[in-house]
Amino acid sequence: MSGGVDSSVAAGLVLEQGHEVVGATLKLWGGVSDSGCCSVADVDDARRVAQTLGIDHHVFNYTDEFNRHVVEPFVRAHVEGTSPNPCIECNRHIKFDVLFDRARRLGFDAVATGHHAQVLEHDGVHELARGADEKKDQSYVLGYLGEEQLASLLLPIGAMKKGEVRVHAERLGLRTWDKPDSQDVCFIEASKGREAFLRQRVTLTPAKIVERASGDVVGETDAAELMTVGQRRGILPGRDGEKRYVAHVDVARGLVEVGRLEDVVINHVNLVESSLSFTHDEPGNRDEVLIQCSAHGRVVRATVVRDPSWALRLHEPARPVAPGQTVVMYRIDEPSIVVGAAIVASP
Amino acid sequence: MTEQLYFDHAASAPRRDEVADAMERWQHGVVGNPSGSHRAARDARRAVEEARDEVAAFVGAKPGGVIFTGGGTESCHLAIVGSTLAHRATHDRSVIVTSRVEHDAVLDAAQFAASQYEGVEHRLVDVDAEGVVDLESLRAAIDPDVAVVSVMTVNNETGVCQPLDGVSSIAMGTVPGGVSTHTDAVAAAPWLHLPTVTASMDLISICAHKIGGPVNAGALVMRREVPLLGVVPGGGQERGRRGGTVDVAACVGLATAVRLTQKELVDVNDRVIDLQRKLCAALSFLPGCAITAPAARKVPGTVHVTFEGVASDEVLFLLDQAGVCASAASSCSSGAAITSHVLAAMGVAPERARGSLRLSMGPETTEDEVDQLIAILSSVIYRLDAGA
């Protein structure tokens with residue numbers, strides 16, 4: 001229970017379904033924060049919701065694990081010039097690894113969360129599917145879950161639109177019913193941003209911004225680590241007046257390459273072998289899938305290539321994807337069902 | 001509902017019936033403002049002054065030295081910040097010296113003063129592996145700029161007693177004219193004879209809810225007149241050290257709690273020390289268990305242990321399910337158990353500190369309860385150990 005409306009309602013609904021329920025809030029970030037879900041005010045909200053529902057509530061401290069699995073890799077990835085997704089890492093390592101393990105040790109049968117996604121079951125086989133609310137769908141951040149985890153996961157609000165969730169919250173008398181959604185990375189202060197967070201921890205690298213086609217230096221940045229492949233914000237248009245996109249970031253050499261969209265688009269994505277994770281069977285060579293490369297990114301059709309290293313051949317050109325990002329694959333015949341996930345490798 | 005086994009006296013002790021009864025008179029109808037001049041005010045003032053006499057006797061000071069406060073944290077804050085502000089009025093530099101294992105009431109007050117006032121510095125003194133203040137480290141921290149030295153009587157997490165006589169002789173002997181000394185005696189009050197053990201200290205903080213009194217009631221007791229500025233001057237109550245209308249019920253509650261504590265002190269010590277011995281002996285057989293400090297160093301009420309490879313959160317959850325109220329002894333304002341600064345200062349490895357557990361007892365704890373606790377805790381630890 002993060003103290004937000006979704007997990008509050010999830011707790012209320014599983015209780016109404018007749019389960020024996022205990023609320024748990026994860027204390028993840030020990031540092032300063034002005035957003036996200038770890039502030040004392042949010043824990044107080046979660047606790048008050050549990051009291052309203054009449055269930056026990058516990059606060060579990062995972063600050064060490066969060067630092068080790070989420071914050072440190074986040075900082076390290078920036079130093080290496082890749083773009084990690086901390087929310088995916090948190091879901092994977094904290095919520096669905098450490099917490100699941102604890103739930104088992106403490107004698108629980110299942111974990112329920114307030115994610116907007118659905119677990120479908122046919123003949124004892126579980127599938128992860130998109131949430132019913134397209135705008136809120138979180139199947140992307142859960143893409144790494146396997147059968148074993150899905151079998152003991154309840155997602156009570158996954159079949160609802162956000163508006164319905166709020167109606168339930170009001171019906172249940174939960175104080176969080178009109179609480180705004182959190183959007184930002186929870187351990188970064190919204191008022192100071194990612195740059196300030198990184199500067200407190202590492203030295204950022206000034207870099208030249210270079211036109212990819214001509215090699216001309218067209219600008220500079222004081223932090224190559226903050227540039228993400230595919231990014232347009234903050235990049236000046238070229239002499240031709242057209243928009244420019246980040247094509248490549250080389251932190252070590254202090255170089256950021258930019259180009260026109262047609263110069264930087266990609267038609268295939270390499271995958272990090274060790275990161276491959278599939279809900280069930282892995283797709284075969286030349287199987288088709290739908291892929292999504294960010295939380296609410298565009299869905300693109302792709303063919304799986306295994307010759308022998310793993311890649312995805314896109315059926316239409318797409319904006320470049322930064323190494324370190326996660327790509328989630330969905331079924332071509334059932335576009336809402338997750339096949340698996342992997343981390344994007346360097347081109 | 002499972003029967004409740006309460007082993008968290010160090011967090012807050014059960015409220016004594018006599019305390020509630022004594023406070024009752026001051027919680028209904030007309031309760032005069034003790035600063036006033038009419039009949040109702042005089043009645044209230046008399047109750048406050050009678051309470052002051054009892055608190056003074058409990059600590060071993062003159063009634064005029066008792067400053068009623070809103071609890072232990074406020075008492076410590078007043079001692080640290082008030083001493084520093086008074087020192088700062090006549091000095092360019094003011095140093096606050098505390099041990100590393102103080103309660104946050106002291107550490108945060110010192111940090112607050114150091115960050116808010118120019119020329120103020122906070123120096124931390126090391127402890128040994130058992131959590132006892134290292135007197136050589138203390139000696140090294142003291143110089144003529146020191147405004148106040150604060151070392152707790154008993155540690156709230158581990159129950160370990162500190163060598164206050166050594167602290168004060170160093171504080172007195174190192175600087176000509178001496179320096180002010182403060183001790184947070186909140187965790188000591190249920191167990192030790194404060195007139196003896198805190199005899200060498202100038203300022204002593206106590207609170208009521210660790211000895212069966214109400215929360216938001218405490219006192220800073222000044223044994224010898226030392227420079228101290230009030231931090232809430234408004235109204236001039238408590239001789240200008242703590243402004244605001246004095247809470248008669250709180251003073252009466254505190255006084256009743258100290259009176260009963262003092263009366264039972266010897267008997268309770270004799271009885272609970274046997275329970276502590278029994279509990280420690282049983283726990284030492286559990287897998288991965290280490291007793292944090294030897295019993296000879298501790299007050300009888302506290303048993304502090306760490307379990308290797310097990311998280312406090314998990315132990316506390318299963319204990320709670322079984323009806324046992326206990327604590328990891330260090331938690332943040334969200335309620336999450338956090339790595340203890342006390343254990344860190346003692347050099348306890350973080351893997352071990354993660355599995356810390358404090359079981360704290362009080363006057364009404366019975367042997368039967370201890371037996372039940374041992375059975376429940378053993379099954380919890382065996383279960384977690386098997387699942388690891």
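A residue counts as partly exposed when the number of other C-beta atoms within 10 Å of its own falls between the buried mark of 20 or more and the exposed mark of 12 or fewer. B:Ile291 has 16 C-beta neighbours inside 10 Å, so it lands in that partly exposed class. Keep in mind that what you're looking at is a predicted model.

**Domains of chain A**

- Chain A splits into three: domain 1 covers 5–171, domain 2 covers 204–264 and domain 3 covers 266–343.

**Domains of chain B**

- Chain B has two domains, and domain 1 is written in two pieces, 5–13 + 265–387, with domain 2 running over 17–259.
- The C-alpha centres of domain 1 of chain B and domain 2 of chain B are 28 Å apart.
- Their contact brings together 25 residues of domain 1 of chain B and 27 residues of domain 2 of chain B.
- On the domain 1 side, helix H8 (248–283), strand E10 (302–307) and helix H10 (341–345) of chain B each contribute at least two residues.
- H10(B) gives the most to that side, with 3 residues.
- Sorted by class, the domain 1 side of this contact in chain B has 11 nonpolar, 11 polar and 3 charged residues.

**Where the chains touch**

- The contact between the chains involves 10 residues of chain A and 12 residues of chain B.
- From chain A, helix H2 (40–53), strand E2 (56–61) and helix H4 (86–105) each bring at least two residues to the side facing chain B.
- E2(A) has the largest share of that side, at 4 residues.
- The chain A side is made up of 5 nonpolar, 2 polar and 3 charged residues.

**Helix pairs**

- In chain A, helix H1 (residues 5–16) and helix H6 (residues 162–171) have axes that come within 9 Å and cross at roughly 60°.
- That angle makes H1(A) oblique to H6(A), and their crossing is left-handed.
- Residues meeting there include A:Val9 and A:Leu13 from H1(A), along with A:Val165 and A:Ala169 from H6(A).
- H3(B) and H4(B) cross in a right-handed way.
- Among the residues in that contact are B:Ile80 and B:Val81 of H3(B), plus B:Ala109 and B:Phe112 of H4(B).
- The H3(B)–H4(B) contact has 9 nonpolar and 4 polar residues, with no charged ones.

**Two residues up close**

- B:Ile291 belongs to strand E9 (residues 289–291) of chain B.
- Beyond its neighbours within four places in sequence, B:Ile291 contacts B:Cys280, B:Leu283, B:Ser284 and B:Val305.
- B:Val179 lies in the loop that joins helix H6 (164–174) to strand E6 (180–184) of chain B.
- B:Val179 counts as buried because it has 24 C-beta neighbours inside 10 Å.
- Setting aside residues up to four places away in sequence, B:Val179 touches B:Val146, B:Ala147, B:Val148, B:Val149 and B:Ala171.

- The peptide bond from A:Asp307 to A:Pro308 is cis, with omega near -10°.
- A:Pro308 is in the loop between strand E14 (300–306) and strand E15 (310–318) of chain A.
- B:Asn216 isn't a glycine, yet it has a positive phi of about 60°.
- You'll find B:Asn216 in the loop between strand E7 (203–207) and strand E8 (218–222) of chain B, and its 16 C-beta neighbours inside 10 Å make it partly exposed.
- B:Glu238, another residue other than glycine, has a positive phi near 50°.
- B:Glu238 lies in the loop between E8 and H8 of chain B, and it is buried, with 21 other C-beta atoms within 10 Å.

How values were computed:
Residues are numbered from 1 along each chain as its sequence is written. Chains are lettered from A and ligands numbered from 1 in the order in which they are written. This is a predicted model: local features need pLDDT of at least 70, side-chain atom pairs count only at pLDDT 80 or more; totals for chains, interfaces and linings use all residues. Axes are lines fitted to C-alpha atoms, for helices over the stretch in contact, and angles run from 0 to 180 degrees between N-to-C directions. Angles under 35 degrees count as roughly parallel, over 145 as roughly antiparallel, 65 to 115 as roughly perpendicular and the rest as oblique. A crossing is left-handed if the near helix is turned anticlockwise from the far one by less than a right angle, and right-handed if clockwise. Two residues are in contact if their C-beta atoms, placed from the backbone, lie within 7 Å. Ala, Val, Leu, Ile, Met, Phe, Trp, Tyr, Cys and Pro count as nonpolar, Asp, Glu, Lys and Arg as charged, and the others, Gly among them, as polar. Domain bounds come from an automatic or database domain assignment.
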